[in-house]
Structure formats: structure tokens, C-alpha cells
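The following note reviews one protein model point by point. Please read it alongside the coordinates.

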Amino acid sequence: MKSLRLIKVIASSLVVASVLALNPIGASAEWKQDFTGWWYKEGSSWATGWKLINSKWYYFDSKGYMAKDTTIDGYYLNGSGAWTELTTSGNFKFDKSTGTIVEYTGSDSSVVIPDKIDGTEVKRIRFTSSSSCKNLTSITIPDSTTGIESIVCMNCSNLTSIVIPNSVTNIQADAFSGCSSLKSIIIPSSVKTIESRAFAGCSGLTSLDIPNSVTSIGNEVFQQCSNLTSITIPGSVKSMGCDVFGDCVNLKSVTISDGITSINQSQFQGCYNLTSVKIPNSVTSIGRDAFEFCNEAKFYVSSEATKQLLVNSGVSESQVIVSA
């Protein structure tokens, strides 16, 4: 019945879709990929909207990129982009093919994640809209639930706390973005990478510990975390993106640990209340405007070379204090 409903939805959308997107699949049709994602080439154009490819339904946005790990028109698209029929078990909607909890439908504000649903191990939690987690303030993942590989709670605006289990090694892009009420989160020592915008817009977050296991931090990870007051970046981090702490307007203290080699462009741009930044000699590169508008900050360094890097990036010489 649901399959029939999907066909009706798609049939009605075809009336207003572009002619180019409606061409039948020909010999020249093929999948393509770039840094943004996958698209489906059809001759000289590409698919948009719903498309049936090799007996599976996919959805492509207005630019032609395939949607995945999300819900479109009430239909869930899995990590491969294909429409997947969900299982409803208790208060969870669940994709058994990938072990993914897609939605919490209960009314309780706190939820405990089970280790299995209908005999299938839970591997992922993927709430990608406010409606999929609208009542939740707390998510508990027991130690017995050891199979969790990733957690996404995007725009769960009422969520205040969550503990990420030791089974997670990568915090995905936008994982907690828009969780404006999030006040407490523990990142375990198993995590190695934090992808772009993972905590962007978490305006309730006041402090956060980045463990020594983390080696890579993406672009804009903590952008607009407006109540974050202090941060220490461990020396284990080998790469950081741009604008990582942009517009963290209440950030006052930053410690950059020995081992960090570069501070990228606009990394602390707009941190107006920053007062203290400690930079080690291991830093050999500071991008332009890395500390733009941080006019009240004092920068503590131990070499003239590091001072010159700051000056070249746009920091006033009077803000830099060199001490042995």
C-alpha cells in the first residue's frame, strides 16, 4: 500500500518536473560523483526529483544531487540513497537493512536506545529533522549497546544531553547542528574525526572536552556556539578546517596544544570576547584573518617567529606577548 502511495506521489510530481529530468533511462545514463555527492547523468543533463533506477527509487535535489540518510515526502532514503520501507517497533521507526533508528515517535522526553530491534542490531541513530525527535531532551545509550557506529541528532532543538558511546570513531557532518538546547556532551576517546558543522549552532553548549584521540576537525564544527567560553585543542589534531570557532561570541580562552602545526583562515573570526590565546612553537602557519575581530585578545607565544606569523595574519603587534 505504501509503495502504491509513493508511486502516486511521484506520478503527480512528474507533471511539474523538468522535461530533461523525465527522459527515460538510455544508454548514456550513468552515476557520477564529486566532492559534494552523487548525481545521475542522463545524456547532457541530470535527474531531479524522484527517479526509478534499476528497480529502486531515488530522490535528486534541484541541483541534481542524490539525497540520502533523510526523509523526503514522508519516505526514508537510506545511506545509499534508495527508498527503504521502515519497520515500526514500539516507539521507533527502524531501517532493518542498515540497523538505523530513523525516528522516535513516543511522547517521553527521555529515551533509552536498545541494542536490538526485531532481532536486528542497532548500528546507527539518524534523526535528521526536528519532527523525528521533537519530544526528546535526553538520549541514553547503555554500555550493553555496543554496536552503535554513528549518531546524528540534527535540529533536535530540545535535546539537552547525550553520551556518545565508545563504539563511535567518527562524528559525522551536521551530527548535532541546530541542537540549540544541548548543554552537555561527552566525546569518548574512540573518536578520531569530527566532520564539518558537527556542533554548529549548539548555542547552549558552554564547555566541551576534545579528547587526545581526535586527529581531524572539519570546517565550521563549532560555528555559532555562542555560549562556549573556553576550549583546548589537543596536540593530536593534525588538520583543522576553516572557521572552526567562527562567531563563538562568548569564547574567552583558547589553548592550542603543542603539536598543532597550522591555524587556518578565519578559524576564530568574530570571537569578539576572546581575551587569552596560547600558541605553541609547533605552529608554523596561521591563515589570513584567523583572529579577525578578536581585538581584545592577548596572544601568548614563546618565539618571535610565532609572533610574526600572527602579525602577518592580521593581528596587531601590540596584542602579542612574547615570553620564554
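Which residue in S23 is the bridge partner of Ile 217?

1. Basis of the note. The model is predicted, so local features are taken at pLDDT of at least 70 and side-chain atom pairs at pLDDT 80 or more, while totals for chains, interfaces and linings use all residues. Residues are numbered from 1 along each chain as its sequence is written, and side-chain values use heavy atoms, with hydrogens and water left out.

2. The opening question. The bridge partner of Ile 217 in S23 is Met 240. S21 and S23 run parallel and are joined by two bridges; strands are DSSP runs of E with at least two residues, helices are runs of H or I with at least four, and both are numbered from the N terminus. Two strands are said to pair if DSSP finds at least two bridges between them.

3. The parallel sheet. S21 and S23 belong to an open sheet of four strands, in the order S18-S20-S21-S23, with parallel pairing. Its edge strands, each pairing on one side only, are S18 (170-171) and S23 (239-240). In general, the strands of a sheet pair through backbone hydrogen bonds, either parallel or antiparallel.

4. Asn 219. This residue lies in the loop between strand S21 (216-217) and strand S22 (230-233). Beyond its neighbours within four places in sequence, Asn 219 is in contact with Ser 196, Arg 197, Gly 241 and Cys 242, where contact means heavy atoms within 4.5 Å. The side chain of Asn 219 also reaches the backbone nitrogen of Cys 242 at 2.7 Å. As for Asn 166, which is 53 residues away along the chain, its C-alpha atom is separated from that of Asn 219 by 24 Å.

5. Strand S24 and its partners. S22 and S24 run parallel, joined by four bridges, and Thr 232 stands opposite Thr 255 in S24. S24 is also joined to S26, by three bridges and again in parallel; there Ser 253 stands opposite Ser 276. Strand S24 (residues 253-256) has two faces: Val 254 and Ile 256 form the covered one, Ser 253 and Thr 255 the uncovered one.

6. The antiparallel sheet. A further open sheet consists of three strands in the order S1-S2-S3, paired antiparallel. Strand S1 (30-33) and strand S3 (45-46) are its edges, each pairing on one side only. Four bridges join S1 to the antiparallel strand S2 (residues 38-42). S1 and S2 form a hairpin, with four residues between them.

7. Positive phi values. Most residues other than glycine have a negative phi. Asp 118 has a phi near 50°, a positive value in a residue other than glycine. The place of Asp 118 is the loop between strand S12 (116-117) and strand S13 (120-121), and its relative accessible area of 45% makes it partly exposed. Ser 266 likewise has a positive phi, near 60°. Ser 266 is found in the loop between strand S25 (262-263) and strand S26 (276-278). Is Ser 266 buried or exposed? Ser 266 is buried, because its relative accessible area is 13%.

8. Overall composition and extent. The protein contains two helices and 29 strands. Its C-alpha trace spans about 75 × 50 × 25 Å along the principal axes. Of the 324 residues, 46% are buried. Among contacts with a separation of 6 or more, 34% come from residues 24 or more positions apart.

9. Surface and charge. The protein exposes about 15,100 Å², of which carbon and sulfur atoms supply 49%; the areas come from the Shrake-Rupley method with a 1.4 Å probe. There are 25 positive and 27 negative charges, and their mean positions are 4 Å apart. Lys and Arg count as positive and Asp and Glu as negative, while His and the chain ends are not counted. Each charge is placed at NZ of Lys, CZ of Arg, CG of Asp or CD of Glu.

Note on methods: Buried < 20%, exposed > 50% of the residue type's maximum accessible area, 1.4 Å probe, protein only. Polar contact = N/O pair within 3.5 Å; in protein donor to acceptor, adjacent residues only side chain to side chain.
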